[in-house]
Amino acid sequence: MGRRRSVVRVRALSRAGWEIPEQSVTPEGVFLRRRELLAALGYGAGALLLGCGPDRPAASARAAATPPPSELPGRYPAPRSRRYRVDRAITPEAIAGRYNNFYEFTTDKERVHELAAGMRTRPWQVEVTGLVHRPRTFDVDELVRRMPLEERVYRFRCVEAWAMVVPWTGFPLRALLEEVQPTRAARYVRFVSIHDPELPGVASQPWYPWPYFEGLRLDEATNELSLLATGIYGHPLPPQHGAPLRLVVPWKYGFKSLKSLVRIELVAERPPTFWNRLQPREYGFYANVDPHTPHPRWSQASERRIDTGARVPTQVYNGYGAFVADLYPRGPSNPA
Ligand code: MTE
């Protein structure tokens, strides 16, 4: 108990990452491991108060800024789909773009945009491999040019209990999977983010199992809602939102929506996932939004809109039950 109390106190002081400003959300096991690691490195308690260790100047210093996407004329803004409607106003871009989770840069949500600003996002390839008949590596600009881009206004709900409404531009993940033709043995899809040891959050947090990795069941991945986003607010994705290509899975907690995707692998067994490996009791593989199943350390019954600050009830499957409830005959938090 004493140990836990001191963890909570330090967390309040350090206000880093998942810890702010919603709740004390940093997985405690992670925090404790971080503490051990810092001790092993000889940093001691002083460093601990800094939270996540020193943020180095962004790798942006050495990376060329992303060129304007002049090679992609006419792709943005894409036509908005009328099929996906939300009951709330779109979150202002300036707010969504200044409050991000992207641990490869920093755990400080409000600094991600500046640390990621110069991230190199071209050239960029995505390898699609594993249990497929036609493995391929795609260039992201080729995808933007020829895939059926559309704008979809989706609700987005973080496991930390903050929420926003965002107009993504992208194409269905299903469309890409059809091109590689999964074999009959493929049952899951594994996703991997960029791995650059020089990104400041990677360099300063070696205890995380980089690169960030996630997974979906194949029927989730091919659900019509699963989107590969290349843009947001009518233009290409800026780095802080996961440029140049990211996953968006709107009925699940936001940590499933992996950023800066470089690899997709079709596999037979359920793949491990980043947060689940770190803290399996707190971050499940399925992570479907469910107001009735609290996180072990906080309620999920309501959520805070990041634009107005209003607290509103959480919706089961984040409001997307009509599209996905059939995938989970035993309910959102008990999927077989
Ligand atoms: N993807 C990578 N590679 N690294 C991350 O730290 N954070 C996840 C998800 N994808 C994360 C990631 C979490 S916890 C959330 S809530 C969303 O990205 C945040 O997306 P946003 O910053 O575009 O709102």
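In which loop does Tyr-233 lie? In this predicted model, where local features need pLDDT of at least 70, side-chain atom pairs count only at pLDDT 80 or more, and totals for chains, interfaces and linings use all residues, Tyr-233 is placed in the loop between β7 (227-232) and β8, helices (H or I, at least four residues) and strands (E, at least two) being DSSP runs numbered from the N terminus. Residues are numbered from 1 along each chain as its sequence is written, and side-chain values use heavy atoms, with hydrogens and water left out.

The backbone of Tyr-233 has a phi near 50°, a positive value in a residue other than glycine. Two cis peptide bonds may be described alongside it: one runs from Trp-210 to Pro-211, with omega near -5°, and another joins Ala-243 and Pro-244, with omega about -5°. Pro-211 belongs to the loop between α8 (200-204) and β6 (213-217), whereas Pro-244 is found in the loop between β8 (235-236) and β9 (246-248). For context, most residues other than glycine have a negative phi, and most peptide bonds are trans.

The ligand is surrounded by 20 residues, of which the closest are Tyr-103, Glu-104, His-241, Arg-246 and Lys-259; a residue is counted here if one of its heavy atoms lies within 4 Å of the ligand. By class, this shell comprises 10 nonpolar, seven polar and three charged residues, where Ala, Val, Leu, Ile, Met, Phe, Trp, Tyr, Cys and Pro count as nonpolar, Asp, Glu, Lys and Arg as charged, and the others, Gly among them, as polar.

A polar backbone atom of Asn-101 is 3.3 Å from an oxygen atom of the ligand, and a polar backbone atom of Ser-257 is 2.9 Å from a ligand nitrogen atom. Taken alone, the ligand exposes 530 Å², and the protein buries 100% of that area, as computed by the Shrake-Rupley method with a 1.4 Å probe.

Elsewhere, strand β1 (residues 125-130) pairs with strand β2 (residues 136-139) in the antiparallel sense over four bridges, pairing requiring that DSSP find at least two bridges between the strands. A hairpin joins β1 to β2 through five residues, and Val-128 stands opposite Arg-136 in β2.

Note on methods: A polar contact is a pair of N or O atoms within 3.5 Å; within protein, one must be able to donate a hydrogen and the other to accept it, and residues adjacent in sequence count only if both atoms are side-chain atoms.
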